[in-house]
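Subject: Structure for your review

Dear colleague,

Please find below the structure that I am handing over to you.

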Amino acid sequence: MFMRPVSCWVLLVIAEFVVPVQAEWVRHTIDQSSRGADGVRVMDINGDGLPDLVTGWEEGGQIRVATHPGTQLSKKAWPAVTVGKVKSPEDAVFVDLDHDGNVDVISCCEGKTRTVFVHWGSHDSSMWQTQSIPATEKVAMWMFAAPLDVDGENGVDLIVAAKGPGAKIGWLKSPSDARNLEEWKWQPLADVGWVMSIETVDMDGDGDLDILYSDRKSKTRGVHWLENESETEPVHAWKRHTVGGTDREVMFLALGDVNQDGQIDIATTVKDGPITWFERVDSSGRKWTVHEVDLPAGTGSGKGIAIADVDLDGKNDLVYTCEHAEKKIGAGWLSAGQSVQNRNWRPTDISGTKHGIKFDLIQMLDLDGDGDLDLVTCEERDNLGVIWYENPTK
């Protein structure tokens with residue numbers, strides 16, 4: 001456990017003067033057992049109403065699941081198990097792929113492995129089994145996955161995306177028997193350069209889920225969404241709509257109502273640039289207004305992003321993490337104040353500058369049950385592992 005500076009203001013009254021005092025965020029370690037924690041995804045896998053976490057450890061070559069121990073024990077190391085060992089894992093996500101009631105894990109591997117794996121869950125946590133999906137073997141450097149029933153057949157399919165020469169975003173079509181991995185079919189949808197995020201969300205209000213993603217490299221870079229056309233052409237490429245960011249190297253993205261107008265906006269970090277948020281103009285998903293918010297001086301380069309009401313004032317804030325943050329701020333949050341269109345939002349430090357170099361994907365969760373949202377992330381260069389910063393608002 002470590003103390004970290006600033007995130008919300010409390011008031012200290014001394015001799016009729018109101019003096020702002022910085023409240024510290026405290027860092028807690030969930031899992032520090034391997035090397036290179038690279039992303040954290042969330043699901044309640046045991047039905048206790050509390051969020052459990054899965055992480056791929058890139059350098060350690062492990063996929064690990066950490067189960068929430070209860071709010072009173074949340075500040076200690078969590079019970080965790082290695083559910084599979086694979087080389088160069090870049091992403092891991094929960095899904096009950098075979099509908100047996102046991103949650104499984106999908107991992108995406110880059111490097112020389114270039115394969116998507118299934119880690120089959122079991123009632124016995126020591127009995128996880130790892131198998132590769134043949135249609136993905138040595139095909140691409142796989143970077144991210146998201147479950148989605150694309151075609152309404154055979155249950156959940158998988159949206160997967162890659163990086164590098166010839167990279168695609170597409171879906172793995174599930175067979176009638178999900179355990180028969182030889183029968184999973186790869187259906188590419190669009191060319192990509194380096195996909196960072198995938199969200200399955202109804203972008204155009206037509207009742208089905210589309211694919212929203214951020215692509216940081218090559219001619220295809222930007223924030224885009226693929227219009228779900230599964231009823232007409234489930235095998236071929238879906239129509240791509242561009243939100244923006246084609247002139248910059250976009251990193252992770254987040255969904256949320258930034259300007260409190262009742263419509264869902266999109267925010268993304270930008271490598272060596274400002275946070276960019278895209279204001280939704282209408283429900284079609286085709287019209288957006290671009291806004292920029294500067295990161296404060298002394299931070300690293302933007303990596304993770306979240307839209308959340310950090311200080312419980314009824315207005316959404318922007319939470320960020322950074323890479324290249326040695327002796328710099330690696331995590332913080334920004335409050336818009338009176339206008340969300342102001343480029344200079346009020347910054348608040350979360351992580352401090354002493355520990356952490358490369359932070360990653362953000363989850364905003366109330367881990368200690370006190371009613372405010374804590375910041376959950378991982379750090380892979382200083383080997384802090386899977387960590388969370390305790391929101392001091394309450």
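Predicted model: local features only at pLDDT ≥ 70, side-chain atom pairs only at ≥ 80, totals over all residues.

Asp257 is buried but forms no salt bridge. A salt bridge would require a side-chain nitrogen of Lys or Arg within 4 Å of a carboxyl oxygen, whereas Arg280, the nearest side chain of opposite charge, is 8.9 Å away. The side chain of Asp257 instead reaches backbone nitrogens: that of Gln260 at 2.9 Å, and that of Asp261, which lies 3.2 Å from a polar atom of the Asp257 side chain. Setting aside neighbours within four places in sequence, Asp257 is in contact with Gly262, Gln263, Ile264, Asp265, Ile307 and Asn316.

One of these contacts, Ile307, falls within β23 (301-308), and this strand belongs to the sheet described next.

The sheet is open and consists of four strands, arranged in the order β23-β24-β25-β26 with antiparallel pairing. Because β23 (301-308) and β26 (346-349) are at the edges and have a single partner strand each, one side of each has no neighbour in the sheet. From one strand to the next, the twist averages 25°. The partner of β26 is β25 (residues 331-335), and the two pair in the antiparallel sense over four bridges. Within this pair, Trp333 stands opposite Thr348 in β26.

Yours sincerely

Terms used: Residues numbered from 1 in each chain as written. Heavy atoms only, no water. Buried < 20%, exposed > 50% of the residue type's maximum accessible area, 1.4 Å probe, protein only. Lys, Arg positive; Asp, Glu negative; His and termini not counted. Polar contact = N/O pair within 3.5 Å; in protein donor to acceptor, adjacent residues only side chain to side chain. Contact = heavy atoms within 4.5 Å. Pairing = 2+ DSSP bridges. Axes fitted to C-alpha atoms, helices over the stretch in contact; angles between N-to-C directions.
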